[in-house]
Amino acid sequence: MKLINHDQVLKKMSPRKWKNSVFKGLFMFATALALVVLAILLYRIITQGIGYLDWQFLQSLPSRNPEQAGIKTALIGTIWLMGVVAPVTLILGVGTAIYLEEYASKNKFTSLIQINISNLAGVPSIVFGLLGLTVFVRALTLGTSVLAAGLTMSLLVLPIIIVASQEAIRSVPMELREASFGMGANKWQTIVRVVMPAALPGILTGTILALSRAIGETAPLVVLGLPLFLAFLPQSVFDMFTVLPMQIYNWTSRPQEEFHAVAAGGIIVLLIMLIVMNSIAVLIRNKFQKRF
Amino acid sequence: MSTLVAPKKEAADSIFNDKNLHAKNKVYQTKELNLWYGSNHALKQINLDIYENEVTAIIGPSGCGKSTYIKALNRMIEMVPSVKTSGEIQYRGRNIFDKRYGVEELRTKVGMVFQKPNPFPKSIYENVVYGPRIHGIRDKKVLNQIVEKSLKGAALWDEVKDRLQDNAYGLSGGQQQRLCIARCLAIEPDVILMDEPTSALDPISTLKVEELVQILKKEYSIIIVTHNMQQAARISDRTAFFLNGEVVEFAETDKIFSNPTDKRTEDYITGRFG
């Protein structure tokens, strides 16, 4: 006796196919919507700001006159900020990831730390701003300096780097560690010679993505009290400075229409920086993807 | 260099062969070894001796503790958290579980070849010199000699001598496993532990590794875990049959396969279970 009536099955075939195409269309629409919004945004910004984008724009200090306004202080400030955030987060983040993955024994305490790190990645950035204001600006009296802002930003992106580095370290096959230990290598030698070289692409990718997040963040820096208008460049990490998003925020909040166009020019510069950084991350990932 | 040493060794072998088998030196002596994974009693009262310049095969069904035992011999088992042991394993007269016995020190003498070929994602050359570099050898000339000697020892030299700087991942599975053996030989060990070294290989590569084992035993003592009873019969001098964490029988391979004492050994080797 047959339990399946094949005529019935064939009859239900066309609604099944129809459903399939409906859902396919729905998902395509969702993707297209995001693309369209992005395209509109890019179109608006580029048509508005492209006129201001020239060598002089990059080399001028901010000015009350939109024709002469430039983003030199903000651009240099952003680079200074990166100069603090990159080494601090790389050293602390990778160190933490190595400790948690390779040295720490798996117990309740380490899993508590693990959960907290993941949670920190989801804490609103303004909270980190308040923390930075209390600890770095006031308690350590660093003021609204490059160092204070850099350390605050480092705290903000540390969880991202830690989690990315942990994943990269975890993806190194156990067999490679066994091979190394089996020849009498100790933990440190195994980490330096086997685990790190294999995990490095993943760690770098995570770090670059975290840095591009730090470049775009504004809220914590507003809380720290970074100046919106600054007509000189920082000479050391203890100097006042401003960054691209702050400068853009300043220009967009002005009543003059011309400044909105200047802001759009600034946004283009910021976007180009982000695209370049993310592309480097993608390139690194693709180059080293098929290792194991 | 090895060609000069080999004939002497063979001569020595023929003197000690057969009648004086037991007069051979013991490399490992296992005494009353018990091992637990948490509450799981994985090895029970193991007493086993491993002799110099012999191939000792360890056979038994899955989960019988044979892999656990071989990993205990170089203390690799300690990578598993919650492992506890009692009793002792003596390597050349010293208890390896002694607190003062450094695990790195032990592993410079006891090399291991794993189930799945696990070369590093580096060049063939870098793979072989990994061990010597770890132990502080920096002299380029010495390293080059080690690479040639080890790759020849693992019967891989002729296949790779023109592409030592190529990535090891470009080799076939069988070549990768022989590279792992070469990497192990590069630290000039005394004992080589092999944990099912041919289970991931095709028959021809398996044959090559088996032939290699026959040559290597002239200079090294080899302990090999295998699922394949024919393999144990073909290549080993002694065989230990493990079952449920116990050594059921341990004797010369000929005896185990022709005239086993224990009924369970007979059932297993005749394929009635496992």
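In this predicted model, the C-alpha centres of domain 1 and domain 2 of chain A are 29 Å apart. Domain 1 covers residues 17-52 of chain A, and domain 2 covers residues 57-288. Where the two domains of chain A meet, six residues of domain 1 are in contact with seven residues of domain 2. On the domain 1 side of this meeting place, three residues are nonpolar, three are polar and none is charged.

Turning to chain A as a whole, its secondary structure is quickly told: there are twelve helices and zero strands. The C-alpha trace of chain A spans about 90 × 60 × 35 Å along its principal axes. The radius of gyration of chain A is 25 Å, whereas a compact globule of 292 residues would have a value near 19 Å. Of the 292 residues in chain A, 35% are buried. As for contacts in chain A between residues at least 6 apart in sequence, 75% of them join residues at least 24 apart.

Chain B brings strands into the picture. Four of its strands form an open, antiparallel sheet in the order β2-β1-β4-β5. At the edges of this sheet are β2 (40-51) and β5 (94-95) of chain B, each of which pairs on one side only. Within the sheet, β1 (residues 26-37) and β4 (residues 83-91) of chain B pair over eight bridges in the antiparallel sense. One position to look for is B:Asn34, which stands opposite B:Ser86 in β4(B).

How do the two chains meet? The contact draws 18 residues from chain B and 17 residues from chain A. On the chain B side, α3 (103-107), β6 (110-113) and α4 (124-134) each supply at least two residues. The most comes from α4(B), with three residues. By class, the side of chain B that touches chain A has nine nonpolar, six polar and three charged residues.

Next comes the nonpolar interior. In soluble globular proteins, nonpolar side chains tend to be buried together. The largest nonpolar core here has 138 residues. Residues of both chains are among those with the most contacts inside this core, including A:Val157, B:Ile58, B:Ala182 and B:Ile223. Helix α7 (residues 146-170) of chain A provides the largest share of the core, 15 residues.

Finally, two loop residues of chain B deserve a glance for their backbone angles. B:Arg75 is not a glycine, yet its phi is positive, near 60°. B:Arg75 lies in the loop between α2 (66-73) and β4 of chain B. Is B:Arg75 buried or exposed? With 20 other C-beta atoms within 10 Å, B:Arg75 counts as buried, because the cut-off for burial is 20 or more. B:Ala155, also not a glycine, has a positive phi of about 55°. B:Ala155 is found in the loop between α5 (140-153) and α6 (157-160) of chain B. B:Ala155 is partly exposed, because 17 other C-beta atoms lie within 10 Å.

Conventions
Residues are numbered from 1 along each chain as its sequence is written. Chains are lettered from A and ligands numbered from 1 in the order in which they are written. This is a predicted model: local features need pLDDT of at least 70, side-chain atom pairs count only at pLDDT 80 or more; totals for chains, interfaces and linings use all residues. Domain bounds come from an automatic or database domain assignment. Ala, Val, Leu, Ile, Met, Phe, Trp, Tyr, Cys and Pro count as nonpolar, Asp, Glu, Lys and Arg as charged, and the others, Gly among them, as polar. A nonpolar core is a set of buried Ala, Val, Leu, Ile, Met, Phe, Trp, Tyr and Cys residues joined through C-beta atoms within 7 Å. A residue is buried if 20 or more other C-beta atoms lie within 10 Å of its own, exposed if 12 or fewer, and partly exposed in between; C-beta atoms are placed from the backbone. The radius of gyration is taken over C-alpha atoms; the globule rule is 2.2 Å times the number of residues to the power 0.38. Two strands pair if DSSP finds at least two bridges between them.
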